[in-house]
Amino acid sequence: MFIYPDFPHNTRWLTPEERALAISHLADDGYGKVDELWKRTTMQGLWDAVSDWKVWWFAVAVMSQLVGQSFFIYFPTLCATLGYDTTVTLLLCAPPWVFAGMVAFALTWYSDKKKQRRYNYFVVSNALAALGFIMSISTMNNAARYISLFLMTQVLAGSLVLWGWISNTFIREPAKRAVAIALINALGQIGNVVGSYVWPSNWGPTYRYSYVVCFAALMVSTGMFGGMYMYLKHLNEQIERNERDAKDVKELRDPIGFRYVV
């Protein structure tokens, strides 16, 4: 662990020039004024995180999202419902995830390049997964159900974009950001615990009730993240208004040009 960089100001193997460059890049990304970057202590960061309602909102939304993604760990079981032997079943598990990996790489690269519309990508990803759930609920046709598995795995791309979005929402203070991401991730894992009870064997081989639960969970998470999306858009409009109306740069709370990634 000692080889990993911490912050630019306390990473010993950085040259002074590299350290200055890294700090300036962080400031450009919205961490605030360079001379105020590291004033918050770890305990202050902890308090800032637990007292911010956005952290708890994200945690519950991630929890619901992970319930909707609980089919991940039962994927071989879902492939087995197609009726093939074990070897063929395991081979059939691979193509949906290979395709999902390719789409996830392309989507995350494009999202990072554009820096905005991350919620839109997330919605499309969840919508494709929801369509896959509906197909599996509606039919036992092998071709349709296998296509539905390809659609379900598209939720992977949205999940990767989602964590980038969450990280950027708390970008202003490093200490708070570290605690916030850890807290959201830890509490969100409750969704994995709940999800393990969503796929009882007596609901198979159709698993219609399981798909209904996952569908509902994705709708809840999409709606909660949508509420956060609208709130951050409102904050961006407020920041833009403050920049336009400010008579002195020192009056601004946020760095000029800073916007929350939405």
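**Two helix pairs in a predicted model**

The crossing of H8 and H9 is right-handed. The model discussed here is predicted.

Colleague: Which residues of H8 and H9 meet?

Modeller: Trp163, Ile166 and Ser167 in H8 meet Arg177, Ile181, Ile184 and Asn185 in H9. By class, this contact has four nonpolar, two polar and one charged residues.

Colleague: Why are H6 and H7 called roughly antiparallel?

Modeller: Helix H6 (residues 118-138) and helix H7 (residues 142-152) have axes that cross at roughly 160 degrees. The cut-off for roughly antiparallel is over 145 degrees, so H6 and H7 are roughly antiparallel to each other. Their axes come within 7 Å.

Colleague: Is the crossing of H6 and H7 left-handed or right-handed?

Modeller: For H6 and H7 the crossing is left-handed.

Colleague: How do you know that H6 and H7 are in contact, and which residues meet?

Modeller: Contact requires heavy atoms within 4.5 Å. On the H6 side the residues are Leu128, Ala129, Leu131, Gly132, Phe133, Met135 and Ser136; they meet Ala144, Arg145, Ile147, Ser148, Leu151 and Met152 in H7. These residues divide into nine nonpolar, three polar and one charged.

Conventions. Residues numbered from 1 in each chain as written. Predicted model: local features only at pLDDT ≥ 70, side-chain atom pairs only at ≥ 80, totals over all residues. Heavy atoms only, no water. Axes fitted to C-alpha atoms, helices over the stretch in contact; angles between N-to-C directions. Helix = DSSP H or I, 4+ residues; strand = E, 2+ residues; numbered from the N terminus. Parallel < 35°, antiparallel > 145°, perpendicular 65-115°, else oblique. Left-handed = near helix turned anticlockwise from the far one by under 90°. Nonpolar A, V, L, I, M, F, W, Y, C, P; charged D, E, K, R; others polar.
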